[in-house]
Amino acid sequence: WQAIRRNAQGNAVAAQLPDGLLVCRVTDHTSAIQKTLEEAKPDMMRDILYARMMDMLREQRGVEIYENKLPDPSMYESGQSIIQQQRPSVVGG
């Protein structure tokens, strides 16, 4: 682990943190319950408003989404960035 801190000159420097171990004890437990619609509304509103805002902005700005041009989601499972996957490898440095 590393922490980024500012030194006396204001420059960001990485400081190595020691390995650690955290021991916890569970002192209480609340069973999962099914929320009612009224209880779930505040949680759902953020996602609904976000989707509506995105639709409105797409319409206002003339954005079109070409489904056939979207990347295959499985490419994100390789651990490489999209740039690394699209760039041919250079052999011999």
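Let me begin with Asp43, which counts as partly exposed because its relative accessibility is 38%, where buried means under 20% relative accessible area, exposed means over 50%, and partly exposed is what lies in between, with a 1.4 Å probe and protein chains only. What we have on the screen is a predicted model, in which local features need pLDDT of at least 70 and side-chain atom pairs count only at pLDDT 80 or more, while totals for chains, interfaces and linings use all residues. Residues are numbered from 1 along each chain as its sequence is written, and side-chain values use heavy atoms, with hydrogens and water left out.

The side chain of Asp43 meets that of Lys35 in a salt bridge, at 2.2 Å from N to O; by salt bridge I mean a side-chain nitrogen of Lys or Arg within 4 Å of a carboxyl oxygen of Asp or Glu. Lys35, at 45% relative accessibility, also counts as partly exposed.

Let me step back to the overall layout. The protein has two helices and two strands, and from the N terminus on these elements run β-β-α-α; helices (H or I, at least four residues) and strands (E, at least two) are DSSP runs, numbered from the N terminus. Of the 93 residues, 3% count as buried. The protein exposes about 9,600 Å², of which carbon and sulfur atoms supply 55%, and these accessible areas come from the Shrake-Rupley method with a 1.4 Å probe, where for residues only the protein chains shown count as cover.

Turning to the strands, β1 (residues 2-6) and β2 (residues 12-16) run antiparallel and are joined by five bridges, and two strands are said to pair if DSSP finds at least two bridges between them. Arg5 has Val13 in β2 as its bridge partner, and Arg6 stands opposite Ala12 in β2. The hairpin has five residues between its strands, and Gly10 there takes a positive phi near 90 degrees.

How far apart are the end C-alpha atoms of α1? They are 34 Å apart, which agrees with the 36 Å that the 25 residues of α1 should span at 1.5 Å a residue, the expected span being 1.5 Å times one less than the number of residues. After α1 comes Gly62, whose phi is positive, near 70 degrees.

Lys41 and Glu38 meet at 3.2 Å, N to O, and both lie in helix α1, three residues apart, about one turn of the helix. Lys41 is partly exposed, with a relative accessible area of 35%, whereas Glu38, with 57%, is exposed. Asp55 forms a salt bridge with Arg58, the closest N and O atoms being 3.7 Å apart, and this pair too lies in α1, three residues apart.

Finally, Leu37, Met44, Met45, Ile48 and Leu49 make a nonpolar surface patch of about 440 Å². Patches are made of residues with over 30% relative accessible area and no salt bridge, with like charges joined within 9 Å and nonpolar side chains (Val, Leu, Ile, Met, Phe, Trp, Tyr) within 5 Å. Met45, which lies in helix α1 (residues 37-61), counts as partly exposed at 39% relative accessibility.
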